[in-house]
Amino acid sequence: MKIYGHPLSINVQKVMWLIDELDLSIALEEVDIHHNRHDAQALAQRCPMRQVPVLEDGPNSVWESHTILRYLVACYGNKMWYPDCAFQRSCYERWMDWCLSSFQPVIKAALFMPSADGAEGRQTQQRAWEQCRYELDRINDALDDQRYLTSDRMTLADIAVGSLIHRLSQQTDWALPPNVERWYQQLVERPGYQRWVMQAASTLPT
Ligand SMILES: N[C@@H](CCC(=O)N[C@@H](CS)C(=O)NCC(=O)O)C(=O)O
């Protein structure tokens, strides 16, 4: 098995962090789809969107980061990662869907938009920051009486949403809400988080 991806992609980091948590032996095959034609063509055969991450498991290819997370726990996780009960699975799946549809786009707009030039650009970025803080406060509420997002145990909800928190924690001009900070400190103790999420971020330009 292998993952096609790039270590600086947050969507790849989520998958590699879970692979460490599950103690699986799946290597990251680095692909540079923007600069290497051969990489781009090889990836196109595995993912119609030509995006990473892609998991290759024997003859099967799986794309979309959260689908890969679900696939890995269904195939290789224990009952803690992949409960039999559909409702229990929905407790982490709702956070995963919310993450991809709401939280991640807002973070992207607040942090990663290269050009917040001009009054309109700055206003859009400012609105994204406000929304980001609002959503962090809601995460803070969820963590009020439990160690992790859905319970006192780590689930895919923490992998999906937690992968984004490190970059937010690096913003020097504001602090994470208290429960989010406490939760983030728990994630920081995980070797897979250190290896895939924190080390990669430390190589990015500030
Ligand atoms: N929703 C997809 C997003 C995948 C995605 O946007 N991948 C980026 C890297 S984070 C990529 O491959 N970008 C290259 C491109 O779009 O050409 C997922 O979660 O896997």
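## A loop residue with positive phi

Asp23 sits in the loop that links α1 and β2. The model described here is a predicted one. In general, residues other than glycine mostly have a negative phi, and peptide bonds are mostly trans. Asp23 is not a glycine, yet its phi is positive, at about 60°.

## The sheet

The sheet is open and is formed by four strands in the order β2-β1-β3-β4, with mixed pairing. Its edge strands are β2 (27-30) and β4 (60-63), each of which pairs on one side only. From one strand to the next, the twist averages 25°. As a general point, the strands of a sheet pair through backbone hydrogen bonds, in either a parallel or an antiparallel sense.

Strand β1 (residues 2-5) pairs with strand β3 (residues 54-57) in the antiparallel sense, over three bridges. Two of the residue pairs can be named. Lys2 has Glu56 of β3 as its bridge partner, and Ile3 has Leu55 of β3.

Strands β3 and β4 also run antiparallel, joined by four bridges. Val54 stands opposite Trp63 of β4. The two strands β3 and β4 make a hairpin with two residues between them. In that turn, Gly58 has a positive phi of about 60°.

## A cis peptide bond

Between Val52 and Pro53 the peptide bond is cis, and its omega is near 10°. Pro53 belongs to the loop between α2 (37-44) and β3. Both Val52 and Pro53 are also among the residues around the ligand.

Helix α3 lies across β3 and β4, and runs at about 125° to β4. Two helices that α3 meets are described below.

One is helix α1 (residues 10-21), which packs with α3 at an angle of about 10°, the axes being 9 Å apart. Because angles under 35 degrees count as roughly parallel, α1 and α3 are therefore roughly parallel to each other. On the α1 side the contact is made by Asn11, Lys14, Val15 and Leu18, and on the α3 side by Ser65, Ile68, Leu69 and Leu72. By class, this contact of α1 with α3 has five nonpolar, two polar and one charged residues.

The other is helix α6 (residues 156-169). Its axis and that of α3 (residues 65-76) come within 11 Å and cross at roughly 150°. That angle makes α3 roughly antiparallel to α6. The crossing in which α3 passes α6 is right-handed. In this contact, His66, Leu69 and Val73 of α3 meet Leu156, Ile159 and Ala160 of α6. The residues of the contact of α3 with α6 are five nonpolar and one polar, with no charged residue. Leu69 of α3 takes part both in the contact with α1 and in the contact with α6.

## Around the ligand

Which residues surround the ligand? They are Ser9, Asn11, Ile33, Arg50, Gln51, Val52, Pro53, Glu64 and Ser65. By class, this shell divides into three nonpolar, four polar and two charged residues.

Asn11 and Ser65 are part of the shell around the ligand, and the contact between α1 and α3 includes Asn11 from α1 and Ser65 from α3.

Technical notes
Residues numbered from 1 in each chain as written. Predicted model: local features only at pLDDT ≥ 70, side-chain atom pairs only at ≥ 80, totals over all residues. Axes fitted to C-alpha atoms, helices over the stretch in contact; angles between N-to-C directions. Parallel < 35°, antiparallel > 145°, perpendicular 65-115°, else oblique. Left-handed = near helix turned anticlockwise from the far one by under 90°. Contact = placed C-beta atoms within 7 Å. Nonpolar A, V, L, I, M, F, W, Y, C, P; charged D, E, K, R; others polar. Near = placed C-beta within 6 Å. Pairing = 2+ DSSP bridges.
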